[in-house]
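The structure is shown first.

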Amino acid sequence: MDFESYRNQIALLSIGLYFALCIGVGIWAIRRTKSTTDFFMAGRDLGIMVTAMAMFSSLLSGVGFVGGPGLVYGWGVTSFWMIIGGTMAACLSFFVVGKRIRMFSEVFETVSLPDAIAARYNSELTRLLTALAILFGVVGYLAAQILAMAVVFRGIVNSIESLPEINLPTAMAVSCAVLVFYSVTGGIIAGVYTDLVQGIVMVVAGILVLFAAVQAVDGGIGGAVTYMLADDPESIGPWGTLGILGCLSHFFLSTMGACGQPHIITKLMMTRRIHDFKHILALSVISAMFAYLLWMAIGLAMRALVVGGIETPLDQADQAAHVFLQHYAHPVLAGVVFAGLFAAIMSTADSFLNVGAAAIIHDIPKAVLGRSLNHELFWARAATLGIAIVAALFGLYSPQDFLTLLGTFGWGTFAGALVPTVAIGFNWKRATATAANVAIFTSVGLNVAIELLSIQIPHGIHGSAVTLILSLTLFFGISLMSKPPKLSKDVEAIMNL
Amino acid sequence: MCYTPRHVSGNGFIQNNHFFAKDVWGKGVLSFAELLDAMGVGQISRGTKFMNTHFIHWYIFATLLALCTIYGIAFITPEVPWGDVVQEDGTTVNQSMSHGYQHPDFPKMDKAGSGAVRHEKTIWVGWALGLGFVLFWTGLLAFGTSRDGNIGPAKIPLIVGCVLFMGIITALIFFYRAFMNGDHSTFLSLPRPLALMIFGIWPFPLYFVIVYYKIFDSWHFTDEDQHRFEEILANRRHATSEDH
């Protein structure tokens, strides 16, 4: 069969099958979602495989499939430090956060990260600040992800001549509808079970794409290295074009930052047994390493092909994965990877929708009114739908600058705000609520200031890495200068374990 | 108060690092533990609670301050200028060689030029940053697995991992120095520093995954911890139901 003639049709079919699977999981998960604990915490009943795949697929997101290869195309090897950081981040999350946050979750019957933070610090203000930071981050991140999903979907549909052309809002409505359907019906249960499929797709895609990339360049890896050495040796050196200090700042941020990502660490609160963590870490790290092969292989191959004069230069660095799949991957593999791309975006988006809904219907009312809403499960579903609509509208109609500003409430802000509060605070009895509040304020304030004022940090150092170091230092400094807080009996007992 | 490890499922009691080493790493590494003892590390640990939690938060705070200092040095180290580069929209931007400039032939790509020139003043700052970060990160791992005054069996594997990791970072710096001065020899088709990065640094966290796996049941979360946790849970539920 001539697969080549049906390349775009195969891609669309793969995506369609994936969408159908997501809808099926959503329908299946309706019956299992009977309470807010089910909707937000999957009933704290997730097994090893599901948790491991959900954690790593949420971590990888669309960055791994689109942004990552684009970064290698633009900066050479620089972004490999983010990949190394990703594997180290998983270790840190389990060593430092996993056990204690899981215990807090069950003892205090928490349904969200701000819930657990409020229990640890005995502070509704800390809960409110955490919930607000999460909410802003969710809208900004989702807007960008939903827009990216719509752009890719429209591109594939419009490249098939037999289909009518669709515009961006239509593409957004279709792709967003699937995401919203399973997120509303099945909550995080549907989210994590689609993550399981998404994780498997990403691992398979990572391995297969490595072989395709090696075959794409004459001489394989050696050939690609020769082209890049001839053009700019530094691009294939360990620091890429960004240089040693810039690379290490990205390394620091990606390694430390995972402990502050609400959509990742809430997965640690959902496991059935604490004893499962030792298996989950191993499975999650090994799976992520295979999936990261796609980022490295496509990026290096595309840069080598372009500097070698074999491929025409890209209009945008982020097109690296798309162009590679269209020109150098077998159509069936390309179809799997395109489905994997949607999987990657949706796995993070569904988690963000879920933590955002928890912030709106559970944490903010609890912090402001002192109680959660009646009929929480209904409002959780309504809030999920509402957030998705707001994010989609932001993606379509907000000025690019505003979208970029909202985007700063992403990885870096969460890292600066929540790494001290969670990674340190859940292990250190001396940590105070004031220190946590200052860390959150510092992170949000500095990240927004760096973005609004277009502050350039020397040597390509990432601004959020500086923010993270400052918020950590302030957190320690303020806690050490304060009187040790009086902990409740249960908090003390958990922290002794 | 020092946490005294108690029952370990089927493995007896952990009283000190020797016993752990025997259980987890086998005879070969037990000898290494003895070697550390001979060097005084083990004695320090038992005698003065070296690296206990009361110490660890100061250790982490100190490494944080060190990282702040290194970043401060980086900020005042001048960048290596490249020159004006005309953008697609016709504007001119002064770009730096230190963190790459626009590729003259491919607009969406950056280029770096001579590594020897741009890293002349920053390579040792970078080395210090790398080591500082490894010390901080492994300190956090120790922090996360500590039990009210003790890191227990995780101590030696974490110290060994930290030292090895710093060794690999240092080796990378030396490999890169040769590379930036024109030695483009390869290993498995990759330039040697990149090969070290991909085959040495990238998989290295797997070592810590194994450490976590090995210490989990015997230290990080023992059967007795599970039992204690269930007690806390039951007491909490009882108290909550009485409140209602």
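Which side chains meet in a salt bridge at 3.8 Å, N to O? In this predicted model, the partners are the side chains of A:E106 and B:R237.

## Salt bridges

Across the interface of chain B and chain A, the rule finds four salt bridges. The pair A:E106 and B:R237 forms a salt bridge with an N to O distance of 3.8 Å.

## Extent of the interface

The size of an interface is often given as the accessible area lost when the parts come together. Chain A and chain B bury about 7800 Å² between them, and carbon and sulfur atoms account for 76% of this area. Within chain B, the residues that lose the most area to chain A are B:K108, B:W202 and B:Y212; together they contribute 10% of what that side buries.

In terms of residues, 88 of chain A are in contact with 84 of chain B.

## Packing of α4(A) and α8(B)

Two packed helices are described by the angle between their axes and the distance between the axes. Helix α4 of chain A spans residues 80-107, and helix α8 of chain B spans residues 205-220. Their axes come within 9 Å and cross at roughly 15°. Angles under 35 degrees count as roughly parallel, and α4(A) and α8(B) are therefore roughly parallel to each other. Their crossing is left-handed.

On the α4(A) side, the contact is made by A:T87, A:M88, A:C91, A:F94, A:F95 and A:K99. On the α8(B) side, B:P205, B:F208, B:V209, B:V211, B:Y212 and B:H220 take part. The residues of this contact comprise nine nonpolar, two polar and one charged.

Definitions and conventions: Residues are numbered from 1 along each chain as its sequence is written. Chains are lettered from A and ligands numbered from 1 in the order in which they are written. This is a predicted model: local features need pLDDT of at least 70, side-chain atom pairs count only at pLDDT 80 or more; totals for chains, interfaces and linings use all residues. Side-chain values use heavy atoms; hydrogens and water are left out. Axes are lines fitted to C-alpha atoms, for helices over the stretch in contact, and angles run from 0 to 180 degrees between N-to-C directions. Helices (H or I, at least four residues) and strands (E, at least two) are DSSP runs, numbered from the N terminus. Angles under 35 degrees count as roughly parallel, over 145 as roughly antiparallel, 65 to 115 as roughly perpendicular and the rest as oblique. A crossing is left-handed if the near helix is turned anticlockwise from the far one by less than a right angle, and right-handed if clockwise. Contact means heavy atoms within 4.5 Å. Ala, Val, Leu, Ile, Met, Phe, Trp, Tyr, Cys and Pro count as nonpolar, Asp, Glu, Lys and Arg as charged, and the others, Gly among them, as polar. Buried area is the accessible area (1.4 Å probe) that two parts lose on being put together, summed over both.
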